[in-house]
Amino acid sequence: MIRGPRSREKLKAYYDLYINTGRLDPNVNPEVAASWAKSRSHNAPTDRIHTDHRLSREELAARQRLHKEAITYLRYLTNNLRDFFKEYDISLLLLDEECVILKSYTMPFYQMTPGEIEGVRVGVEEIGTSSVSMACDLQQPFWLFGPEMWVQDSHESDACSAPIFVDKKMRYIITMVGMHYQNMPQEAVMAVLKTLSYGLENYIQQQIRLKAQEAILDVIPFAVYHVQEGSEVAYANKLGLQRLKKIGIGRKDSSSFGTRLSDVVMNYRHTPIYSGFQGVPSHNREVTWITPSRTYEDITTVVPFERDSEDVVRSVVAISMPIEDLRTMVAHAAGFTAKYSLSSMVGASGAFSSVKDKAQRLAKGRNHILLQGESGTGKQRMAHGIHQASPFATGPFITLHCGDVTPEILEQEIFGVSVSREVSHPGKLELASGGTLFIDEVEKMPLDIARELAASLTTMESSRIGEDTSRPINVRLVAACDTELRRLTERGSFDSALYGVLSHSIIRIPPLRNRKEDIGVLGEHILAELAGLHQSKGKTLAQDAVDFLMTYEWPGNIKQLQNVIEHAFFRTAGDVIHAEDINLFGDITLDARWKEDKEVFIKVWRVAGGNISRLSTLLHVSRVTLYRYLKKYGLDKNKIDT
């Protein structure tokens with residue numbers, strides 16, 4: 001509240017009346033009267049300003065660091081006003097929202113040195129009514145005449161304070177105190193105070209927005225740069241700074257990076273940043289950056305930013321992401337992550353415990369790993385677990401099945417392919433960089449592709465089909481096969497170089513028939529997973545059910561056991577599964593349908609593990625009859641997916 005000049009004699013009479021008798025003259029400003037009452041209730045001293053309520057030196061230093069931006073900026077604003085403050089004997093103070101004096105800028109406040117007044121709290125509780133307490137309580141600028149101040153030592157002064165708001169909350173108070181009211185021009189002081197308040201308020205608000213923007217830029221997975229004429233970097237976010245330091249561009253002071261991009265990037269004139277200064281934008285372009293230390297590849301977008309009156313580009317904004325980071329992000333977004341840990345593989349038998357212990361040991365290393373075991377023994381789940389327990393756990397987990405595609409497609413899947421100069425696709429070997437590539441049925445990989453893969457894993461470099469460029473990779477290969485890979489290699493059916501890469505770490509997973517004592521715990525684990533997956537009530541296996549399951553040979557191993565238990569889980573009404581609830585053939589009924597329905601025949605054959613003798617026993621027919629039906633359905637007796 002800004003009021004015109006008042007009779008100081010009358011104001012002094014009002015003050016004396018209240019101090020001496022506690023009675024208020026009706027002409028006292030209502031806001032001042034309320035503040036006087038508050039001052040009296042707090043027993044604030046009336047003789048002079050006491051500095052007892054002050055922060056410790058350490059507390060003041062910490063608070064000044066917290067508000068460094070405001071303190072520094074207000075000093076900048078007042079640099080050209082020193083003569084004004086000196087001419088009219090005016091002190092300038094900056095206080096925080098708790099009425100603690102953070103900084104004294106000009107004349108000593110009430111003849112005190114800055115060191116005496118800084119850190120002192122000057123709220124209504126400590127010094128009574130002042131322009132500070134009035135601005136704080138009323139949340140608006142307030143001019144207070146000397147005799148209205150609670151401290152009598154200040155009655156020859158006038159003071160005006162203004163609150164500073166940030167996000168609708170008072171953060172600071174600026175106070176101007178005139179030592180001699182006769183010399184204090186009210187209109188000029190108010191104009192200066194409003195200018196300082198407006199400038200500081202807008203600056204702090206802008207700094208908050210800039211910090212928020214900078215925080216956002218620092219957490220995004222892109223390097224962001226503002227590049228000015230002459231290839232000088234004016235700004236870089238956190239990731240951008242890291243990349244600049246790698247190529248020898250480091251910030252030497254607060255305003256310069258010290259080195260131009262054109263001095264370090266050897267092919268600068270062929271980059272989209274150079275084109276951006278010619279007015280040509282680039283969007284998601286694959287770019288190679290050649291520096292004296294190494295070559296970088298990334299996806300870059302460049303947008304011309306500032307133009308002068310003649311439409312000449314003065315600066316550009318560049319956003320880039322290393323290709324290897326982009327591949328990892330895409331891999332995670334596409335769900336290329338491990339789903340199982342080694343702890344999800346249960347069993348207490350000696351045959352299995354030793355295998356699991358070996359997997360845990362090998363997972364911690366960096367060697368490539370070969371998993372061998374019959375179909376359905378859990379090789380894929382173990383590959384997931386090895387990845388999660390390995391140094392590559394934060395990277396992608398990518399799976400490839402060799403038996404699912406033609407050799408031509410398989411090669412492209414592994415190494416990638418360049419379709420044209422503009423279009424080039426990475427292979428799974430690149431996508432898995434930083435993580436694990438799991439290749440199932442590796443024994444079906446053609447010799448020439450296996451040889452090429454072995455070379456890439458040896459050099460840790462990969463080239464896309466149709467390109468001469470080699471790209472660095474950092475990947476662990478976990479391969480799985482259903483047969484003894486060494487014998488296939490000795491017969492020349494599998495590449496010896498790739499076998500050499502894999503043979504240093506081999507894990508042989510036993511079939512279920514060799515670890516029947518684990519069937520009970522496996523069954524309970526499968527039931528628990530099913531209940532969690534389908535959010536249904538859990539079920540358990542009765543002992544008679546476990547005994548019954550242990551009588552079977554399980555040619556399809558754990559995969560077949562899971563199918564049988566899953567069938568029982570959904571078909572059993574109660575919470576306990578008994579032997580009579582279990583059908584080893586799942587949803588297949590052993591009637592004559594297999595003689596007419598190829599799909600039924602194949603299901604029964606899979607239950608038998610692809611074994612003709614076992615199938616003959618199950619169906620109670622001769623082997624000759626079965627061979628006749630194999631021919632009828634066009635099936636190969638040696639090829640059955642169990």
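**Salt bridges and their setting**

Tutor: The structure holds 30 salt bridges. Such a bridge is a side-chain nitrogen of Lys or Arg within 4 Å of a carboxyl oxygen of Asp or Glu. This is a predicted model: local features need pLDDT of at least 70, side-chain atom pairs count only at pLDDT 80 or more, and totals for chains, interfaces and linings use all residues. Residues are numbered from 1 along each chain as its sequence is written, and side-chain values use heavy atoms, with hydrogens and water left out.

Start with Asp 16. Asp 16 forms a salt bridge with Lys 12, and their closest N and O atoms are 2.8 Å apart. Both residues lie in helix 1 (residues 8-21). They are four residues apart, about one turn of the helix. Helices here are DSSP runs of H or I with at least four residues, strands are runs of E with at least two, and both are numbered from the N terminus. Asp 16 is partly exposed, at 26% relative accessible area. Lys 12 is also partly exposed, at 32%. The cut-offs are these: buried is under 20% relative accessible area, exposed is over 50%, and partly exposed is in between (1.4 Å probe, protein chains only).

Now two further pairs. Arg 260 and Asp 263 meet through their side chains, at 3.5 Å from N to O. Arg 260 has a relative accessible area of 35%, so it counts as partly exposed. Lys 444 bridges to Glu 441, with the closest N and O atoms 3.0 Å apart. Lys 444 is partly exposed as well, at 49%. Some salt bridges share partners: they join Glu 286, Glu 297, Glu 430, Arg 464, Glu 467 and Arg 471 into one network.

Next, the chain around these pairs. The protein chain has 26 helices and 21 strands. Its radius of gyration, taken over C-alpha atoms, is 41 Å. The globule rule gives 26 Å for 642 residues, so the chain is more spread out than a compact globule. That rule is 2.2 Å times the number of residues to the power 0.38. Along the principal axes, the C-alpha atoms fill a box of roughly 130 × 70 × 40 Å. Buried residues make up 48% of the 642.

Five strands form an open sheet in the order 12-15-18-11-19, with parallel pairing. Two strands pair if DSSP finds at least two bridges between them. Strand 12 (397-401) and strand 19 (506-508) stand at the edges with a single partner strand each, so one side of each has no neighbour in the sheet. Strand 12 pairs with strand 15 (residues 436-440) over five bridges, in the parallel sense. Ile 398 has Leu 437 of strand 15 as its bridge partner.

Strand 1 (residues 90-96) runs under cover: seven of its seven residues are buried. In a regular strand, side chains alternate between the two faces of the sheet. On one side of strand 1 sit Ile 90, Leu 92, Leu 94 and Asp 96; on the other sit Ser 91, Leu 93 and Leu 95; all are buried. Strand 1 pairs with strand 5 (residues 169-178) in the antiparallel sense, over seven bridges. There, Ile 90 has Gly 178 as its bridge partner. Strand 1 also pairs with strand 2 (residues 101-104), antiparallel, over three bridges. Leu 94 stands opposite Lys 103 in strand 2. Four residues lie between the strands of this hairpin, in which Cys 99 takes a positive phi near 65 degrees.

Most residues other than glycine have a negative phi. Asp 167 is not a glycine, yet its phi is positive, about 55 degrees. Asp 167 sits in the loop between strand 4 (158-166) and strand 5. Asp 167 is exposed, at 54% relative accessibility. Lys 168 lies in the loop between strand 4 and strand 5. Lys 168 has a positive phi of about 65 degrees. Lys 168 is exposed, at 83%.

Last, a covered loop residue. Asn 237 is in the loop between strand 7 (232-236) and helix 10 (238-246). Asn 237 is buried, at 1% relative accessible area. Leaving aside neighbours within four places in sequence, Asn 237 is in contact with Leu 217, Asp 218, Ile 220, Phe 222, Ala 223 and Val 224. Contact means heavy atoms within 4.5 Å.
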